[in-house]
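Subject: Structure handover

Hi,

Please look it over first; my notes follow below.

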Amino acid sequence: STLFPYTTLFRSPYRQLAANITGSVFSLPAGDVMIATGLERRWEESAEVYSADTQAGNTMGNALSNTFGDYTVNEAYVEAIVPILSDMPAAQTLDFEAAARVGDYSTVGSVFSWKAGLNWAPIEDVRFRAVYSVATRAPNIGELYQGASQTYPTGLTDPCDGTTATTPGAIADYCRTLPGVAQQIAADGTFNYTLRDEQSIEGEESGNPNVGEEEAQTWTVGVVFTPQFAPNFTASIDWFQIQVDDAITLIPRQFAIDQCAATAGASPYCALQVREVPGTPRPRTPGTIYQINSNFMNAASIKTTGVDLAAAYSFDFMNDQRLRFTINYTYLDELTLEPLAGQPPRNNVGQLDGDGRLGAGFEHRANAAVTYGIGNFSAQWRMNYLSAMEDTIGQTDPDLIPFNKIDAYLYHDLHLRMDLGADRQYGVYLGVDNVFNKKPPVINQLMASGITGTETAADTYDPIGRFIYGGVQLKF
């Protein structure tokens, strides 16, 4: 720790034992019934060990605690494709598909996932598809066992702030029962936070070994076009809707504070906050909240809907030359988060995600590529489009909202490759990502996300700039 005060040891061993069987089990008039089935056992373990200085808060400002955790899971699955009709009028093919998976976790117990769907091609050119699934996700090691990490939350308000001896209401009655609040009212007539009180509130975020699994219900309905008059062209369009219940989330600190006051101290959320008591030798007003913690729980609800579009076209022309065009586009209609039951949902479409729970909600997102080839040489130009964004969730100052805008982004990448040898067993490649060295947007502390230390959304936009790479591949 003395020589390397920033040292972090991260260890995440993973072991897996699996057995799988696939094949045809029997035949129907429309074709063979295909299945895949298997068993699996996984062992996962993770450890994140910080230096003594980091644990004491002497390196990064905030103290970080070590994390240790592990779990095992036994799983069994079966998948099947059942042909129902084939080569019939209005039913070139009609297949039923289904799958089921059961898992037994050492942490949350048994979970069950399944799906069912239909694929119907009335003619060779068009195929319709629809799938409904119910999926589960067990909590990861961080959500279960993350060590307490220190933070300094901002923007919190105490319902007791401003309480006087005559303030009416049940919340005010509760506030006056708190020793520090009562002392300040007796001395000054009003219980108030100072600027120092507000700025020195701290908290911890930690895992919760009692958190359970999430469950998602998903609908996907789409159509695939493979026109016979254009044999090298394919296109698909799919509508999707995903609803996640019991989503794992950190308890919102403001919600915990409000619930404690609204229940006159009876809420279990009261255990997450610590108030200054009279006589404590800290430069804070007695009765003020100086620590409010948060841990993971199954409380959130997430819903997203949208449309995916994909198309590809390729053709060959003189002297062994070829071109291929591809495009993938997503329209996001809804991306909402209900942090806790009964709280109003937050729509993240067109917004960055400062708290990291939903991801950036680009309303329009697309990538396209043009690939040219001749002989053993190929060159690809890729483009990635990200629509304009805002960063105004939680921003209450109307004078700042107009400045919390991010223009649309378009990134360009280039990839060159030459295969060598009679069987193309050697390959040489060279590429450039972000060819025009486009800089990420500046997201300063006046914007709602306020990503401390980066001044941008490094998980959304490219923070590196132009990146050149190359290599050689050998096949043995």
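Start with Cys160. Its relative accessibility is 0%, so Cys160 counts as buried (buried means under 20% relative accessible area, exposed over 50%, partly exposed in between, with a 1.4 Å probe and protein chains only). Cys175 is buried too, at a relative accessible area of 0%. A disulfide joins Cys160 to Cys175, with S to S at 2.0 Å (a disulfide here is a pair of cysteine sulfur atoms within 2.5 Å). The torsion about the S-S bond of Cys160 and Cys175 is -85°, and the link is left-handed. This pair links distant parts of the chain, 15 residues apart. Cys160 sits in the loop between strand E8 (149-151) and helix H3 (170-175), and Cys175 is in H3. Helices (H or I, at least four residues) and strands (E, at least two) are DSSP runs, numbered from the N terminus.

Before the rest, some ground rules. This is a predicted model, with residues numbered from 1 along each chain as its sequence is written. Local features need pLDDT of at least 70, side-chain atom pairs count only at pLDDT 80 or more, totals for chains, interfaces and linings use all residues, and side-chain values use heavy atoms, with hydrogens and water left out.

Confidence

pLDDT is the predictor's confidence in each residue, from 0 to 100. The chain averages 90, and 92% of the residues score at least 70. Over residues 1-6 the pLDDT is below 50. Beyond near neighbours in sequence, that stretch has 11 contacts in the model (contact means heavy atoms within 4.5 Å).

Overall picture

The chain has 476 residues, and 36% of them count as buried. Its secondary structure comes to 6 helices and 23 strands. The C-alpha trace spans about 90 × 50 × 50 Å along its principal axes. Among contacts with a separation of 6 or more, 65% come from residues 24 or more positions apart.

The other disulfide

The count by the distance rule is 2 disulfides. Cys260 is joined to Cys270, with S to S at 2.0 Å. The torsion about the S-S bond of Cys260 and Cys270 is about 110°, so this disulfide is right-handed. The pair links distant parts of the chain, 10 residues apart. Cys260 belongs to helix H6 (residues 253-262), while Cys270 lies in the loop between H6 and strand E12 (273-275). Cys260 is buried at a relative accessible area of 2%. Cys270 has 15% relative accessibility, so Cys270 also counts as buried. With bonded cysteines counted along the chain, the pattern is 1-2, 3-4.

Cores

Which residues touch the most other members of the largest nonpolar core? They are Tyr269 and Ile292, in a core of 23 residues. A nonpolar core is a set of buried Ala, Val, Leu, Ile, Met, Phe, Trp, Tyr and Cys residues joined through side-chain atoms within 4.5 Å. H3, helix H4 (179-188), H6, strand E13 (289-292) and strand E14 (294-317) each supply at least two residues of this core. H6 gives the largest share, 5 residues. Not counting residues up to four places away in sequence, Tyr269 touches Ile251, Phe255, Ala256, Gln259 and Met297. A second, separate core has 10 residues, including Leu386, Met389, Ile406 and Ala457.

Helix H6

The buried residues of H6 are Arg253, Phe255, Ala256, Ile257, Cys260 and Ala261. Their cover includes E8, H3, strand E9 (203-206), E12, E13 and E14. Ala264 follows H6 and has a positive phi, near 55°.

A pocket

The second largest pocket has a volume of about 230 Å³. On a 1 Å grid over the protein atoms alone, a pocket is an open set of points where a 1.4 Å probe fits, with protein on both sides within 12 Å along at least five of seven lines; lining residues have an atom within 4 Å of a point. Grid points are joined across faces, edges and corners, and a volume is the space filled by probe spheres set on the points. This pocket is lined by 14 residues, of which Gly155, Leu156, Thr157, Glu198 and Ile201 lie nearest its centre. Helix H5 (residues 195-199) gives the most to the lining, with 3 residues.

One last residue

Val49 is in strand E3 (residues 31-50). Val49 is partly exposed, with a relative accessible area of 25%. Its C-alpha atom is separated by 42 Å from that of Arg417, 368 residues apart along the chain.

Best regards
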